[in-house]
Amino acid sequence: MSYAGTGNQDRGGRETPAEHVQRLLSGFWHSQIIFVLARLRVADELAAGPRPAQDLAAAVGAHPGALLRLLRAAATVGLMAETGPDRYRLTEAGECLRSDSPTAIRELAVAYGSPTVWRLVGDFEQSVRTGGPVAPAVLGHSFWEHLATHPEEAEHFALGMGEQSAQVAADVAAAVDPSAHQRLVDVGGAYGVLLAALLEKAPAATGVLLDRPPVIEAARQRLQGSPLAGRIDLVGGDFLEEVPKGDLYLLKWILHDWDDEHAVRILATCRRAAAPGARLLLVEMLLPEPWAPSPVHLSDLAMLVLLGGRERTRSQYGDLLRAGGWEPEEVTSTSGRYSILQAAAMP
């Protein structure tokens with residue numbers, strides 16, 4: 001049985017249709033290679049330079065022969081390079097798995113590759129048949145409720161979102177001028193990466209970071225000693241029920257987690273708390289309209305299976321905003337896959 005997607009190719013060295021499908025089918029091995037490298041912190045151990053596989057195995061607590069096989073596979077998919085017999089270094093892609101990398105996705109790899117996520121994705125067919133998430137059937141409750149009772153998984157998930165936030169926050173801060181606002185409220189903002197970036201541009205403003213209580217406690221530790229710590233109030237709570245008062249609301253990667261009913265509820269909760277003349281910023285990936293192939297469709301499936309949410313088009317977000325009491329205004333594309341949808345509070 002072949003898992004690598006290799007085999008005969010048609011003339012010209014091109015991949016045959018069957019080989020293309022086989023390569024896609026074996027993608028789960030790529031995911032697990034990344035996950036195990038991340039869990040073992042192999043990239044951190046290689047930060048100083050190449051090391052023999054045997055030495056590396058002792059450092060990460062792995063079986064030497066098995067780790068060597070993992071490193072060879074990782075080199076095959078471009079994460080490692082062999083510099084000598086059984087001696088490996090990180091590639092540019094592999095550097096992303098270092099905890100201290102500016103482009104780190106180590107925590108995201110641990111979160112996405114977790115046994116819980118794999119159990120849910122393994123029941124993907126059920127979501128396609130029912131149109132809903134599989135967590136209630138597989139876990140007995142929602143994915144969010146699962147995280148609330150599994151703090152280690154929740155921490156990896158929050159840290160993974162934080163890793164992705166840095167570049168997006170910089171893009172949003174470059175595209176938006178928050179200086180006219182006095183009170184910025186980051187709704188479900190994890191560790192407040194976006195809030196901090198915008199407060200840097202609005203020196204007269206203060207901020208509120210709202211998230212689940214365990215996330216807020218972790219954020220408190222991370223903000224300790226920061227120049228912005230005195231300007232940010234940390235609030236543990238449920239944004240489906242209540243949010244603090246403010247005049248600029250930030251929702252980054254929030255609404256795509258939820259179905260339309262809950263998304264409107266979140267927007268309406270923000271509108272009830274909003275000061276007169278308040279504005280709202282949504283940061284989301286947009287499905288292409290009209291339809292076109294896009295990586296956003298893959299994220300859309302993840303939202304379906306894990307959370308019961310969905311990615312949306314610009315017009316669909318416009319409908320949600322109006323239903324929640326916000327008038328859509330301009331949409332700004334960032335340098336990445338994300339867009340900024342701005343809205344004003346309806347009278």
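Residues are numbered from 1 along each chain as its sequence is written. In this predicted model, local features need pLDDT of at least 70 and side-chain atom pairs count only at pLDDT 80 or more, while totals for chains, interfaces and linings use all residues; side-chain values use heavy atoms, with hydrogens and water left out.

Helices here are DSSP runs (H or I, at least four residues), numbered from the N terminus. Axes are lines fitted to C-alpha atoms over the stretch in contact, and angles run from 0 to 180 degrees between N-to-C directions.

| Helix pair | Axes come within | Crossing angle |
|---|---|---|
| H12 (residues 151-175) and H13 (residues 193-201) | 8 Å | roughly 30° |
| H4 (residues 53-60) and H5 (residues 64-76) | 9 Å | roughly 110° |

The crossing angle makes H12 roughly parallel to H13 (under 35 degrees). For the other pair, the angle makes H4 roughly perpendicular to H5 (65 to 115 degrees).

Let's see who meets whom, with contact meaning heavy atoms within 4.5 Å. Residues of H12, including Gly162, Val172 and Ala173, meet residues of H13, among them Leu194 and Leu198. In H4, Leu56 and Val60 are among the residues that meet H5, where Leu67 and Leu71 are included.

Now to the cores: sets of buried (under 20% relative accessible area, 1.4 Å probe, protein chains only) Ala, Val, Leu, Ile, Met, Phe, Trp, Tyr and Cys residues joined through side-chain atoms within 4.5 Å. The largest nonpolar core has 49 residues, and Phe143, Val172, Leu198 and Ile232 have the most contacts inside it. H12 gives the largest share of this core, nine residues. A second, separate core of 29 residues includes Trp258 and Trp326.

Technical notes: Helix = DSSP H or I, 4+ residues; strand = E, 2+ residues; numbered from the N terminus. Parallel < 35°, antiparallel > 145°, perpendicular 65-115°, else oblique. Buried < 20%, exposed > 50% of the residue type's maximum accessible area, 1.4 Å probe, protein only.
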